[in-house]
Amino acid sequence: MPLNPAEPPHMQMFLWNNLFFSLGFDMSDHYQPLGGNNAAHAAALCDLRGAQAYADVDVEGLYTLGTAVVDYRGIRVIAQTIVPGILEKHQEQTVVYGSNDYGKTVFTHPRFLELLDKTCRPLRIQRHQVLDHNNMQVELCSSIETKGILGNDSRPYILDFLRTFPPDLNFQLSDTKDTREVPEECRKFGYPRHHPHSLASLRPELMDAFIQHRFELYLKMVSQGLEQLEEQHKEKSEVQRTRDAAADAAEMEFHRGDVIRKACKAVWSVSESCFDIRFNPDVCSTVVQFPSECVAQVHEQRLLLWDVAAFLLSHQIPAVLKDFLDHMEIPMDGRTLTAALHRRGVNVRYLGTLLMELERVEEKGRLSHVQRISLSEIIVRSAKHIFRTFLQDVEPAALSAAVSHFLNCLLSSSPCFLDSCSDELASRRRSRRRRSHRGRVSSLKDSMWTKLTPSELWNRIRTEAREYFHYEINSESIEEVIEKHGLQRTSLLREIATKTGIQVQLREYTFDSRHRPTFGEEDVLNMFPVVKHLTFTGTEATGLVHRARVLIHQGLLKDGYNMISQALALFVRVCGILHEDACMCLRLLGRLSYLTGEYPDALAHQEKAVMSSERLQGIDHPQTIQDYTHLALYCFAGGRCSTALQLLYRARYLTLVVSGEDHPHIITLDSMLGLILLGLMEHELSLMFLRNAFILTAQYHGPTSSQCALIVSSLLRMRVKETLQSALQHGREAYSIFHNQAGEKCIATQESSEHLKSLTQQALSLQKGTEHVSATDLTPSTRFSTSSHLMILQQLNMACEIVQLSIQELANLGTASQESGHTEEKM
């Protein structure tokens, strides 16, 4: 039973098992000024991200509520724990901090001010003054929507974190009236732009990058100012400097302070004596009134937000593209693309801008996989927005039929009109009571969802992509997009299923049939809720991992290994073994064991990491595929070649399902498969994989890259070139690349040099006529050189970009570790 049964269904609230449930709709037009239902839908995730931020700060004595956001069948449900005693009295009587009526009345409380002031510095929130209902100044350390409640247990609870992070001025609900404050960088990209709601906010990663950028600018200005001050001081005569040393020192100190004050003002620091940039979360709120003496400060804060918006466009989006070009980030699907954007502080709503900037990159051919994944993400997310409203009008009995109809309209080549839909229902629902069944089919035929057609759905997807992502899809159908950009229908199905919770039957689907729909009602097995919730971790264990990474970068691998082992034990006690942090520790332990030559330990740790990743992420997640790849490498190092091949075949199959064959990760997999098969004397298969890896490497890394040279050297070992002259040419290219990038002492350079000498000797012998063979005899079918296990392992390490340490290097690291330990004991 709902708590308010007299209200409409979308406004009802529930209480079950001490959990409070509400729906993500605009109740009583509370969100109407912010964008209505669109704002109410987005507010749930904004609140969740804010609650996560305060939970991560972890101020002692300040409590938040357990929060989860559940998307199920087109409806967003917000689940929260309840404040003790809140149901015994009205909320207006319990709120002692913040505003409960959108700024009409504002309260403050000394206990909450003291606790929230501790969160201002890590969250970059400016302590500010607002006016309450009596025009009295009220001090806040958070946004005005954040509420403070004292529970019956005397604990202070905070909730409603809609505006924890600063607003993104590039996306606004209404058009900007005063465009003079808009920076030139934003105007060049066509911003500000209209957005469905006004709750678009900046990511904390972006604020950290912006503050780091401003800090570097601040240091540069202070350094230049102090240098000029020192030069002016030196120009003074000796008499002037010795006349009054105390006055001269005081004057110098004053001028140094003046230099710092000017630098702080230039970078918009809230302090005049030190660098400290913070943001006012209420600066763009239309319901907040500020005191008259704070108007100038509020205007400066708004200009600061415009600087952040311009910084995102001018620095962070180019940085994302550079990460992709340098292969620092290799997205395989929408989730990994989103994670790569978020690490640079770029929101997904900038995907349209990212694609337009990608078109201007000179080497855009090397980013074809990013273009495909970005375009797929725009299409899938636009379809998800439409699917959400589509499901809200579907009766429970027709859920499978409606979902299959939507998938047919999106992905099938067959025209999915009303007749085929009703025929599909009729064929599946045959029973003895044909008369009642015909009545049911007739009622389903009158439903709104049955009237959806592929052309209508595609037009709505294009409209949604234009209005939300501000990207124009210049194609008349999904088939045209797939053919033009090389998209994969299986990947699109996987993306839409994981984002909406659809479970389809595991079988081979025929998408190209023009006479029969791809999906039937029996193919949709279930719909699962998509849950987002607060994540907690062990603070002490996280600190141990950070310190271990520092030790590893210093070369102290053994000490780092021991510290990560301690962190893993803490994570298991706090979170359990099936946790992302514990899985990360297992990966690190496996990598360190492999680097130090402890192959059995590396294999044991990586096996546990793979099993955890399968259960946490799923068997088709890119991280799981990466774990399969490293497990295959450790298996080969331990002598289990057949197991390594099986793991690589599995990883390659999953990569084909996720992103297709035209992807940089296929290079690593095919190179490893080719090298292992070469060691097993399976030359035909090895040749096939190495050739494919060579083609993809030349496309994504360039023909003069070290990866390309590595594959060329493997092909030369198999004598796959048609002529000796061609083999010599490629041998010189491989040696030149290795020599220029790795140096003469590199193993790959020395091996390439030996191959080149061998080919040169054969060419001289052939020229002298000592060998009565023709140039065409050097085909793949002539003869092969057998590679040793160690040599192949070294090449596998190069393919995986792993540098394994020699015995001498391990001994040196052990000596350094002991010396550092003795030094610490003496200290």
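Biologist: Where does helix 3 bend, and by about how much?

Modeller: Helix 3 bends at Asp-117, by about 30°. Please keep in mind that this is a predicted model.

Biologist: Which residues of helix 3 are buried?

Modeller: They are Phe-112, Leu-113, Leu-115, Leu-116, Thr-119, Cys-120 and Leu-123. Their cover includes helix 1, strand 5, strand 7 (137-140), strand 8 and strand 9.

Biologist: And what follows helix 3?

Modeller: Arg-124 does, and its phi is positive, near 60°.

Biologist: Now to the strands. Which strands does helix 3 lie across?

Modeller: Helix 3, residues 110-123, lies across strand 5, strand 8 and strand 9, and runs at about 65° to strand 9.

Biologist: How should I read a sheet, and in what order do these strands come?

Modeller: Here is the general idea: strands of a sheet pair through backbone hydrogen bonds, either parallel or antiparallel. In this case the order is 5-8-9, an open sheet of 3 strands with antiparallel pairing. Strand 5 (95-97) and strand 9 (156-159) each have a single partner strand, so one side of each is left without a neighbour in the sheet. From one strand to the next, the twist averages 45°.

Biologist: How many bridges join strand 8 to strand 9?

Modeller: There are 4 bridges between these antiparallel strands, and Lys-147 stands opposite Leu-159 in strand 9. Strand 8 and strand 9 also make a hairpin, with 5 residues between them. In its turn, Ser-154 has a positive phi of about 70°.

Biologist: What about the other pairing of strand 8, the one with strand 5?

Modeller: Strand 5 and strand 8 (residues 147-150) pair over 2 bridges, again in the antiparallel sense. Look for Val-95, whose bridge partner in strand 8 is Ile-149.

Biologist: Which way do the residues of strand 9 point?

Modeller: Pro-156 and Ile-158 point one way, while Tyr-157 and Leu-159 point the other way. All of these are buried.

Biologist: Let us move to the sheet that holds strand 14. What is its strand order?

Modeller: This open sheet has 5 strands in the order 1-2-4-3-14, with antiparallel pairing. Its edge strands are strand 1 (14-16) and strand 14 (530-533), each pairing on one side only. Neighbouring strands are turned by 20° against each other on average, direction ignored.

Biologist: How many bridges link strand 3 and strand 14?

Modeller: Strand 3, residues 67-72, pairs with strand 14 over 4 bridges in the antiparallel sense. One place to look is Asp-71, whose bridge partner in strand 14 is Val-530.

Biologist: Which strands does helix 1 lie across?

Modeller: Helix 1 (residues 37-57) lies across strand 3, strand 4 (75-81) and strand 14. Relative to strand 3, helix 1 runs at about 150°.

Biologist: One more helix, please. How many residues of helix 9 are buried?

Modeller: Helix 9 (residues 334-343) is mostly covered, with 7 of its 10 residues buried. They are Gly-334, Thr-336, Leu-337, Thr-338, Ala-340, Leu-341 and His-342. Just after helix 9, you will find Gly-345 with a positive phi of about 80°.

How values were computed: Residues numbered from 1 in each chain as written. Predicted model: local features only at pLDDT ≥ 70, side-chain atom pairs only at ≥ 80, totals over all residues. Heavy atoms only, no water. Pairing = 2+ DSSP bridges. Axes fitted to C-alpha atoms, helices over the stretch in contact; angles between N-to-C directions. Contact = heavy atoms within 4.5 Å. Bend = angle between axes of the 7 residues up to and from the residue. Buried < 20%, exposed > 50% of the residue type's maximum accessible area, 1.4 Å probe, protein only.
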